[in-house]
Amino acid sequence: MKAVVKTQPGPGAEMKEVEIPKPGPNQVLVKVKTTSICGSDYHIYSWNKWAENNVNIPQIMGHELAGDVVEVGENVSLVKVGDFVSAETHIICGHCYQCKTGQYHICVNTKILGVHTDGVFADYAVVDASNIWKNDSSILPEYASIQEPLGNAIDTIRAGNVSAKNILITGAGPAGLLSIPVAKAFGASQVIVSEPNDYRRELSKEIGADHVINPIEESLEDLVNDTTGGIGVDFVAEMSGNPTAISQGLKQITPGGSMAILGLPAEEVKLDLTEDLIFKGVNLIGITGREMFKTWYIARRLLKENMIDLEPIITHRFPLEDFNKGMELMKSGNCGKIILLP
Ligand code: NAD
Ligand code: ZN
């Protein structure tokens, strides 16, 4: 089969012909119909510090997928050949304190599909049966593939109890973009998006943001004041990982409000905790992955009941062979979600 393999430390990856993998006793083999590029795939491709510390090469890249099960291991009974599936990408231990108390998404022994194991940028992929999510047959493979990052957006927005509230999303990369329709579906009254990239600001507007702003050229504070009657936003969904965006976002929250941070800053962040958090009684929430499998049920309902439209967020589609084009676009930032088709 063909597969996109990270073969060497340093930027790039290679399309290679490799053996179709064999599922272990508790695993299944999926024929990949659709995969999509995540920011972490780009980090592995470009080989940043995080990738260097986490990825053992050679390894097949990718983790977002939709496909059909074509073989199951001898112990697998709940997943059948022919099932149309996607995968939760956090591979958990099941025995740590967090797992034993039902907090699987923060398992201290988490491994990630396509980061610590061979991934899904290939014709076939092996997935642990316990990580398989059976898709509703009415959901298109392209949307099914995006459910995993959609889950990040759902968990972040859910943390804000956003119904009838004014919210700010900092950063409109794929995660921030996915958060816009989710926030609207959850009943947010006004969604403000702060994003320096022109393409992504335009797209944010198209998919339902009420106000967009380039925080480098204009005053975010003025916009938040004007649009909330001087109150400030009730909730900030931090989707950039940019230290300035984080401290700027925290300042826009009305006392008693909250902020959920999904974005991963590469360095320590300086915040005025006294003025911007403590005296305001602001609740700060860290988001990692997706609540397993609560978030997947929500994603299914949002998609099945047409409560969100992913179509405009998918901005590019390439054959898997053209993964380099997708990675270049990720680098430029002039994209939403990028689909790769084996
Ligand atoms: P991305 O890098 O594509 O998007 C980040 C966006 O933030 C970019 O469009 C960038 O232009 C914008 N930005 C930069 N500076 C800004 C500023 N000052 N104000 C507002 N926006 C600014 O990343 P993504 O794939 O959309 O993911 C978003 C973040 O979430 C990343 O940091 C990613 O690593 C992280 N992430 C975390 C988890 C988790 O489990 N916690 C999961 C997935 C992604
Ligand atoms: Zn665990």
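The model on your screen is predicted.

**Stop 1**

**Stop 1: the whole chain**

Zoom out and switch to cartoon. The protein has 11 helices and 18 strands. Its radius of gyration is 20 Å, close to the 20 Å that the globule rule gives for 342 residues, so the protein is as compact as a globular protein of that length. Along the principal axes, the C-alpha atoms fill a box of roughly 60 × 40 × 35 Å. Of the 342 residues, 49% count as buried. Look at the contacts between residues at least 6 apart in sequence: 68% of them join residues at least 24 apart.

Next, select residues 12–340. UniProt lists this range as "domain: Enoyl reductase (ER)", in an unreviewed entry. Over this range the chain is 31% helix and 25% strand. Its end C-alpha atoms are 16 Å apart.

**Stop 2: two domains**

Colour residues 2–150 and 290–341 as domain 1, and residues 160–286 as domain 2. Their C-alpha centres lie 28 Å apart. Where they meet, 13 residues of domain 1 are in contact with 14 residues of domain 2. On the domain 1 side, the touching residues divide into 7 nonpolar, 4 polar and 2 charged.

**Stop 4**

Go to the loop between strand 6 (84–87) and strand 7 (90–91), and pick glutamate 88. Is glutamate 88 buried or exposed? Glutamate 88 has 25 other C-beta atoms within 10 Å; the cut-off for buried is 20 or more, so this residue is buried. Leaving aside neighbours within four places in sequence, its contacts are Asn131, Trp133, Met292, Phe293 and Trp296. Methionine 292 is 204 residues away in sequence, but the C-alpha atoms of the pair are 7.9 Å apart.

Stay with methionine 292. Its peptide bond to phenylalanine 293 is cis, with omega near -5°. Phenylalanine 293 sits in the loop between strand 16 (283–286) and helix 10 (294–304).

**Stop 3: another cis bond and a positive phi**

Select isoleucine 57 and proline 58. The peptide bond from isoleucine 57 to proline 58 is cis, with omega near 0°. Proline 58 lies in the loop between helix 2 (49–54) and strand 4.

Now find the loop between helix 1 (39–46) and helix 2, and select tryptophan 47. Phi of tryptophan 47 is near 60°, a positive value in a residue other than glycine. Tryptophan 47 counts as partly exposed, with 18 C-beta neighbours inside 10 Å.

**Stop 4: asparagine 161**

Move to the loop between helix 4 (141–158) and strand 11 (166–170), where asparagine 161 is placed. Phi of asparagine 161 is positive, near 40°, in a residue other than glycine. With 13 C-beta neighbours inside 10 Å, asparagine 161 counts as partly exposed.

**Stop 5: alanine 209**

Select alanine 209, in the loop between helix 6 (198–206) and strand 13 (211–213). Alanine 209 has 26 C-beta neighbours inside 10 Å and counts as buried. Which residues does alanine 209 touch, not counting those up to four places away in sequence? They are Ile180, Val191, Val193 and Ser204. Draw a distance line to valine 191: 18 residues apart in sequence, the two C-alpha atoms are 5.3 Å apart in space.

**Stop 6: threonine 254**

Finish in strand 15 (residues 253–261), at threonine 254. Threonine 254 is partly exposed, with 18 other C-beta atoms within 10 Å. Show Ile231, Gly232, Val233 and Asp234: threonine 254 touches these, not counting residues up to four places away in sequence.

Methods:
Residues numbered from 1 in each chain as written. Chains lettered and ligands numbered in written order. Predicted model: local features only at pLDDT ≥ 70, side-chain atom pairs only at ≥ 80, totals over all residues. UniProt positions renumbered as here; feature names shortened; annotations may be inferred. Helix = DSSP H or I, 4+ residues; strand = E, 2+ residues; numbered from the N terminus. Rg over C-alpha atoms; globule rule 2.2 N^0.38 Å. Buried ≥ 20, exposed ≤ 12 C-beta atoms within 10 Å, placed from the backbone. Contact = placed C-beta atoms within 7 Å. Domains from an automatic or database assignment. Nonpolar A, V, L, I, M, F, W, Y, C, P; charged D, E, K, R; others polar.
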